[in-house]
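Hi everyone, thanks for coming along. Have the viewer open while I talk, and we'll walk through a few spots together.

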Amino acid sequence: MADDIEWRAVQQTFVYKPELQVLLYTACGLCLRPGPQSWTRHLRQPPHGLGGAPLKRLVELFQTYRLQDPSVVAAPSPRSGGAPPFAVPGLRLLDGFECLACPAGLTRNPQARDLHLSRAHQQKPAQHKKTPLWRACKLQTYFAENRLIRYFVVALKSDHPRLAEDEANQGISYEEEKAATNIVYGFGSHRSAVILWLQRTGIKDCLKGLDKEQIQASFSLFKDADSKPELFLILEVMDKIFSEAHS
Ligand SMILES: [Zn+2]
Ligand SMILES: [Zn+2]
């Protein structure tokens, strides 16, 4: 009985998307690379902390799915008129930058953005203020491991009120969708994730109910990358380490 409840909770932490042939781990907002080793490694770590029979059962279930090689999973197609596709629900939503001159310049790092503009378009940072060749945007990537990251620009349905109104009649709420992509749920709703260090440190209570923008605001740094290049390099490296560790 208790096993059944736990199993049902575990099953709510991911969705299999047959049209893309990917395993989207909605609990962490990323897709898991195919293969029992990659699944086991990921699921043993916090916040999942799975082991024993539930882990074995989950891996056996995943093995029944047809999964695509991450390098060929296609990004969502643009909407009519070339507008960016809407964000994939359940996948992490990231703040990033988009180059206005070419489709290759997608990044989350202001320094990488400036480097791209200077190398690919011979534009110096000082020129950005007068004629910016980039804009801030929302990015997603199916896979978070460094070598598998392929960003695509997405739009939020909530930024399109008229569309939202049309589809509200069909019972879809854009605010809900945005919130679902963004809010950090209390870990209590995922029994699989209730593990001791989260309880003891109180992290779960601190984060519960906050959205990602609020969390980010609590530790975000000044935006002027030029004044502290070393600091930004350290942050970039840490970001890579965490992405790698959590994929
Ligand atoms: Zn995870
Ligand atoms: Zn460019």
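Let's begin with a term: a residue is buried under 20% relative accessible area, exposed over 50%, and partly exposed in between, using a 1.4 Å probe and protein chains only. Tyr65 has a relative accessible area of 21%, so Tyr65 is partly exposed. Tyr16 is partly exposed too, because its relative accessibility is 22%.

Some ground rules. This is a predicted model, in which local features need pLDDT of at least 70 and side-chain atom pairs count only at pLDDT 80 or more, while totals for chains, interfaces and linings use all residues. Residues are numbered from 1 along each chain as its sequence is written, chains are lettered from A and ligands numbered from 1 in the order in which they are written, and side-chain values use heavy atoms, leaving out hydrogens and water.

Now for the rings. A pair of aromatic rings is described by the distance of the centres and the angle of the planes. Rings of Phe, Tyr and Trp (its six-membered ring) pair if their centres lie within 6.5 Å; planes under 30 degrees apart are stacked, over 60 edge-to-face, and the rest tilted. How many aromatic pairs does the structure hold? There are eight. One of them joins Phe14 and Tyr25, and this pair is tilted, with 5.7 Å centre to centre and 35° between the planes. Phe14 sits in the loop between helix H1 (2–11) and strand E1 (15–17), while Tyr25 is in strand E2 (residues 22–25), 11 residues apart. A quick note on those labels: helices (H or I, at least four residues) and strands (E, at least two) are DSSP runs, numbered from the N terminus. Both Phe14 and Tyr25 are buried.

Tyr16 and Tyr65 form a stacked pair, 4.4 Å centre to centre with 5° between the planes. This pair links distant parts of the chain, with Tyr16 in strand E1 and Tyr65 in the loop between helix H3 (52–62) and strand E4 (94–99), 49 residues apart. Zooming out, Phe14, Tyr16, Tyr25, Trp39, Phe62 and Tyr65 make up one aromatic cluster.

Next, the strands around there. E1, E2 and E3 form an open sheet in that order, with antiparallel pairing; two strands pair if DSSP finds at least two bridges between them. Which strands are at the edges? They are E1 and strand E3 (30–31), each pairing on one side only. E2 and E3 are joined by two bridges, and Tyr25 has Leu30 in E3 as its bridge partner. In the loop between E2 and E3 you'll find Gly29, which counts as buried because its relative accessible area is 7%. Gly29 and Phe14 are 15 residues apart in sequence, and their C-alpha atoms are 9.1 Å apart in space.

Here's a different sort of contact. A charge sits over a ring if NZ of Lys or CZ of Arg is within 6 Å of the ring centre and within 35 degrees of the ring normal. The charged end of Arg79 does this with Phe86, 4.0 Å from the ring centre. Arg113 lies over the face of Phe97, at 4.5 Å.

The C-alpha atoms of Glu6 and Pro54 are separated by 8.3 Å, although the two are 48 residues apart along the chain. Glu6 is partly exposed, because its relative accessibility is 25%.
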